[in-house]
Amino acid sequence: MKIFNSINEFCNSQLDIESFVPTMGNLHEGHLSLINTAKKNSKNICVSIYVNKNQFTNKKDFDSYPITLDEDIYKLEKAGVNYLLNPCKDDIENNSSPFDAKFEPKYLTNDLCGKYRKGHFLAVMDIVHRLFQIVNPKNIILGEKDYQQIFVIKELIEIYNYNIKIITSPTIREKGSGLALSSRNSLLTAEQKKMASEIYKALQLSAILYADNVPLDQIKDKIYEIFEQLPIEIEYFTFRDLKTLQQANDNDLIALIAGYLGNVRLIDNIIVKSKTNL
Ligand code: AMP
């Protein structure tokens, strides 16, 4: 694997990147599954590691974000990645144009996670726009765990007319507990990790209740009731249309949840098929 710390060196190499996997490092099996998806679809794979300070709405969250570059490089080499782009902030900012905020799709960036993390998705659009200019990939590989982010990047591609295909990859979970893998999980104690798995249990319950014809409002009430008894502070639990992320209707749905366990923000989702499509 060739490692690039300099954007100039990366651009001068004129690489023909087929699949691009942007990450913030501290790589786990979830990230590695994206690389596997990339390998199934393409040959020349570039992973980036860049912890984008601007997208953190909480300074403590940024300061405590786990950095494990040596281990990450080892994992990427083993996974057969061709290129790692590991640039610094100034280098990125000096070698790319920012996202023009006048294009911000506020209906999307101020919704769900965006409602609770002001400016987060605008910063995501900015960094991905910059990375697209530098990497110029044919595909971007994104995890379904960050479901809203997929829609945000879809908008970015439409706004700037990028010829880039989004390929999504399913959420990887801890065996047994079902807790969605996340770099932030390493900030949880063993006890908190056990508690965090209640999030996936609640999502599974919501899917079962939906299959049992329980109305969505009643399912929501039930889920909020469960978390009233637990030390997880829910920001939102809701159902949305799977294909548009707009209000839930009769099509396939997705249940999305976000909440805090201590200082750690956790998100997850589950796809809830429409009964007519089963
Ligand atoms: P991050 O490093 O958290 O910014 O994530 C980089 C990419 O990995 C994003 O596309 C995430 O959606 C994806 N990702 C993170 N966690 C998981 C997971 N548990 N399963 C699948 N993809 C994931």
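1. In this predicted model, residues 24 or more positions apart account for 70% of the contacts in the protein that have a separation of 6 or more. Isoleucine 134 and cysteine 11 illustrate such a separation: they stand 123 residues apart along the chain, and their C-alpha atoms are separated by 6.7 Å.

2. The overall fold may be described next. The secondary structure of the protein consists of 11 helices and nine strands. Its radius of gyration is 19 Å, close to the 19 Å given by the globule rule for 278 residues, so the protein is as compact as a globular protein of that length. The C-alpha trace spans about 60 × 40 × 35 Å along its principal axes.

3. On burial and surface, 53% of the 278 residues in the protein are buried. The accessible surface amounts to about 13700 Å², and carbon and sulfur atoms contribute 48% of this area.

4. As to charge, the protein carries 33 positive and 35 negative charges. The mean positions of these two sets are 2 Å apart.

5. Helix α9 covers residues 147–159, a run of 13 residues. From its first C-alpha to its last, α9 reaches 19 Å, close to the 18 Å expected at 1.5 Å a residue. Its buried residues are Tyr147, Gln148, Ile150, Phe151, Val152, Ile153, Glu155, Leu156 and Ile157. This set includes Glu155 and Gln148 as well as Leu156 and Phe151. After α9 comes asparagine 161, which has a positive phi, near 55 degrees.

6. Isoleucine 134 belongs to helix α8, which comprises residues 120–135. Its relative accessibility is 6%, and because buried means under 20% relative accessible area, isoleucine 134 counts as buried. With neighbours within four places in sequence left aside, isoleucine 134 is in contact with Ile7, Phe10, Cys11, Leu85, Asn95 and Ser96. Cys11, one of these contacts, is the cysteine already named in the opening point, with its C-alpha 6.7 Å from that of isoleucine 134.

7. Serine 19 is found in strand β2, residues 19–23. Is this serine buried or exposed? Serine 19 has a relative accessible area of 0% and is therefore buried. When residues up to four places away in sequence are not counted, serine 19 touches Ala38, Ser42, Asn44, Ile45, Cys46, Asn139 and Ile141.

Terms used:
Residues numbered from 1 in each chain as written. Predicted model: local features only at pLDDT ≥ 70, side-chain atom pairs only at ≥ 80, totals over all residues. Heavy atoms only, no water. Helix = DSSP H or I, 4+ residues; strand = E, 2+ residues; numbered from the N terminus. Rg over C-alpha atoms; globule rule 2.2 N^0.38 Å. Buried < 20%, exposed > 50% of the residue type's maximum accessible area, 1.4 Å probe, protein only. Contact = heavy atoms within 4.5 Å. Areas by Shrake-Rupley, 256 points an atom, 1.4 Å probe, with all protein chains shown as cover. Lys, Arg positive; Asp, Glu negative; His and termini not counted. Charge placed at Lys NZ, Arg CZ, Asp CG, Glu CD. Expected span 1.5 Å × (residues − 1).
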